[in-house]
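Reader: Before we discuss the strands, may I see the sequence and the model together?

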Amino acid sequence: YEVLRELGSGNFGMVYLGEGETPRKSASAPKRRQVAIKQLRNKADENALRQLVREFELLDQVKHRSLCKVYE
């Protein structure tokens with residue numbers, strides 16, 4: 001993904017606006033779209049990594065037009 005700009009930061013890391021081809025779950029071709037990229041800070045510990053993974057696991061289970069979709 002190409003990072004376009006920073007969207008914000010918090011205790012655990014930064015969130016960026018990016019653009020690129022998102023993978024498809026079906027056999028269709030990837031689609032180019034804008035995405036949010038979340039990155040942990042360099043000094044983040046193992047607990048922060050576990051929390052990030054859990055956040056994305058939960059978000060991937062909930063489908064609603066007002067929530068972000070998890071691609072990878």
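**Strand pairing in the sheet**

Author: In this predicted model, strands β1 and β2 form a hairpin, with three residues between them.

Reader: What makes β2 and β3 a pair?

Author: The criterion is again at least two bridges, and 10 bridges join β2 to β3 (residues 31-40), with the two strands running antiparallel, so they too are counted as paired. Here Glu19 has Gln34 of β3 as its bridge partner.

Reader: Why are β1 and β3 called edge strands?

Author: The sheet is open and has three strands in the order β1-β2-β3, with antiparallel pairing. Both β1 and β3 pair on one side only, and they are the edge strands. Neighbouring strands of this sheet are turned by 25° against each other on average, with direction ignored.

Reader: Why is β2 described as largely enclosed by the rest of the structure?

Author: A residue is buried when its relative accessible area is under 20%; in β2 (residues 13-22), seven of the 10 residues are buried, and therefore the strand is largely enclosed by the rest of the structure.

Key: Residues numbered from 1 in each chain as written. Predicted model: local features only at pLDDT ≥ 70, side-chain atom pairs only at ≥ 80, totals over all residues. Heavy atoms only, no water. Buried < 20%, exposed > 50% of the residue type's maximum accessible area, 1.4 Å probe, protein only. Helix = DSSP H or I, 4+ residues; strand = E, 2+ residues; numbered from the N terminus. Axes fitted to C-alpha atoms, helices over the stretch in contact; angles between N-to-C directions.
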